[in-house]
Amino acid sequence: MIFADLSEKDRWRKYNDVSPVINVFKNFNSLNNDIEEQINQHTFPVHFKKGKFLISPLDRNEYLFLIIKGVVRGFIKDGKAEITTWIAKENEVVGTIRNLWVDGDSEEYLQALEDVELIAIPHSLSEYLYENHIEANIIGRKMMELYYRAAEERAYLCRISSAEKRYKRFLVSFPDLINRVSLKYIASFLAIRLETLSRIRTKI
């Protein structure tokens, strides 16, 4: 993780002097002064080069990440095969799901598919905000609704029997990813052989 230990003022200078997490949260509910102060103090910007891992099974699960710029994928391994489970872009929050907010190992990898700029959100901050501010619980519930619907869409995609229909659904659900993500990752996400996906794209 690339993070310079800057003062709070210097840390957020390029973001109009506030953590971008504040603006994202305000889309869901108003924030009081303590929430904003805690976010500015405890979140911080990080950068990863294309191909690097934000998190792997060797890492402790300590952060969620708000994507400011770039694309990130989550995947697990089945032997030597990598199974892409989700792909996310700007203004989405990502992290390891299987051990979210709990101690324990995860099989998940988070990988940058482009050079990425993110804001790290410590789990300890999330826990403090949930325990001390009702506004945080409202924001968390509304965000969870969005991500639950996204997870349901991914589950639906995986259950469409036709590979061609699966890809067409992907184009509708994730149109802004098709030209940013390697076909091998899209094929993995859709549980389609790369050769099959290439034939489908040629056909349609």
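A residue is called buried when its relative accessible area is under 20%, exposed when that area is over 50%, and partly exposed in between, with a 1.4 Å probe and protein chains only. The model is predicted, so local features need pLDDT of at least 70 and side-chain atom pairs count only at pLDDT 80 or more, while totals for chains, interfaces and linings use all residues. Residues are numbered from 1 along each chain as its sequence is written, and side-chain values use heavy atoms, with hydrogens and water left out.

**Exercise 1**

Classify Y109, F75 and F53 by relative accessible area, and then describe the ring pairs that F75 forms with F53 and Y109.

Solution. Start with accessibility: Y109, at 15%, is buried, F75, at 1%, is buried as well, and F53, at 38%, is partly exposed.

Next, apply the ring rule, by which rings of Phe, Tyr and Trp (its six-membered ring) pair if their centres lie within 6.5 Å, with planes under 30 degrees apart counted as stacked, over 60 as edge-to-face and the rest as tilted. The count by this rule is nine aromatic pairs. One of them joins F53 and F75, which are 6.1 Å apart centre to centre with 45° between the planes, and is tilted. This pair links strand β2 (residues 53-55), which holds F53, to strand β4 (residues 72-78), which holds F75, across 22 residues; strands (E, at least two residues) and helices (H or I, at least four) are DSSP runs, numbered from the N terminus.

For F75 and Y109, the centres lie 4.8 Å apart and the planes are at 5°, so this pair is stacked. Here the link runs from F75 in β4 to Y109 in strand β7 (residues 109-112), 34 residues apart.

**Exercise 2**

Determine which residues of helix α4 (residues 123-132) are buried, and how they are arranged about its axis.

Solution. The buried residues are H123, L125, S126 and L129. Seen down the axis of α4, they fall within an arc of 160° (taken from the directions from the helix axis to the C-beta atoms), so they line one face of the helix. S124 and E131, on the other side of α4, are exposed.

Finally, identify the cover, where contact means heavy atoms within 4.5 Å: the elements over the buried residues of α4 include α3 (33-42), β3 (63-69), β8 (116-122) and α5 (134-159). Between α4 and α5, the residues L129, Y130 and N132 of the former meet I134, A136, N137 and G140 of the latter.
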